[in-house]
Amino acid sequence: MKIGVLAVQGDFAEHIAKIKSAGHTAFEIRQPKDIPVSIDGLILAGGESTAMKKLLHDLGLFDPMRELIISGLPVFGTCAGMILLAKRIEDEKENCFGTMDITVRRNAYGRQLGSFRCVDKFNGKNIEMPFIRAPYVTDTGSNTEILGIHEGRIISVRQDNQLAAAFHPELTGDDTVYDYFYSMIAGNSVR
């Protein structure tokens with residue numbers, strides 16, 4: 001599998017290391033020429049979603065990446081990546097890609113000091129979940145499948161080719177979420 005990772009800001013290096021450790025090809029996307037004709041999946045890493053959104057537009061990445069997502073390319077957004085995919089962001093008028101029918105609350109667990117780790121279920125399996133200035137989902141559309149809830153709050157979802165998690169699986173030794181994403185890619189017919 002050939003998986004691109006948005007590498008304009010945030011913890012993209014950790015995602016790349018995870019992908020490579022699973023035996024797949026990972027590469028950084030920093031400008032439009034970094035997006036190959038043949039790509040199997042895309043990861044939107046955690047970081048600062050406002051800065052990422054600005055850089056996506058400034059670097060000319062917004063339109064080609066949104067087109068890939070809309071065309072059915074499997075995409076996985078963690079933390080800020082979840083915010084980039086969300087159709088609605090509480091208390092804000094503008095979204096970024098707006099391709100996933102979810103409403104998110106930015107910094108929902110508080111600032112940096114509110115960061116924490118827990119063990120909870122993702123798609124029925126207990127895994128470690130690091131939350132860093134994390135969002136959570138406050139509302140979903142009818143096509144959105146809820147894959148994880150922590151203390152009554154939605155923290156991971158899937159809609160068609162899109163997967164999003166409020167936590168950072170790239171910061172753990174567990175590959176459960178990545179394996180789920182790889183299975184999405186394997187079942188995808190759009191390239």
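Biologist: Which side chain does lysine 53 meet in a salt bridge?

Modeller: A salt bridge is a side-chain nitrogen of Lys or Arg within 4 Å of a carboxyl oxygen of Asp or Glu. Here, the side chain of lysine 53 meets that of glutamate 94, at 3.4 Å from N to O. This pair links distant parts of the chain, 41 residues apart: lysine 53 lies in helix α2 (residues 49–58), and glutamate 94 in the loop between β5 (86–89) and β6 (100–105). Helices (H or I, at least four residues) and strands (E, at least two) are DSSP runs, numbered from the N terminus. Please note that this is a predicted model, in which local features need pLDDT of at least 70 and side-chain atom pairs count only at pLDDT 80 or more, whereas totals for chains, interfaces and linings use all residues. Residues are numbered from 1 along each chain as its sequence is written, and side-chain values use heavy atoms, with hydrogens and water left out.

Biologist: How many salt bridges does the structure hold?

Modeller: The structure holds 8 salt bridges. One of them joins lysine 54 and aspartate 58, at 2.5 Å from N to O. These two residues are 4 apart in helix α2, and therefore separated by about one helical turn.

Biologist: Is lysine 54 buried or exposed?

Modeller: Buried means under 20% relative accessible area, exposed over 50%, and partly exposed in between (1.4 Å probe, protein chains only). Lysine 54 is exposed, at 53%, and aspartate 58 is exposed, at 51%. Another salt bridge joins aspartate 101 and arginine 88, at 2.9 Å. Aspartate 101 lies in strand β6 and arginine 88 in strand β5, 13 residues apart. Aspartate 101 is partly exposed, at 21%, as is arginine 88, at 29%.

Biologist: How many bridges join strand β7 to strand β8?

Modeller: Two strands pair if DSSP finds at least two bridges between them. Here, 7 bridges join β7 (residues 116–122) to β8 (residues 125–131), and the two strands run antiparallel. Within this pairing, valine 119 stands opposite glutamate 128 in β8. The two strands form a hairpin with 2 residues between them, and asparagine 123 in the turn has a positive phi of about 50°.
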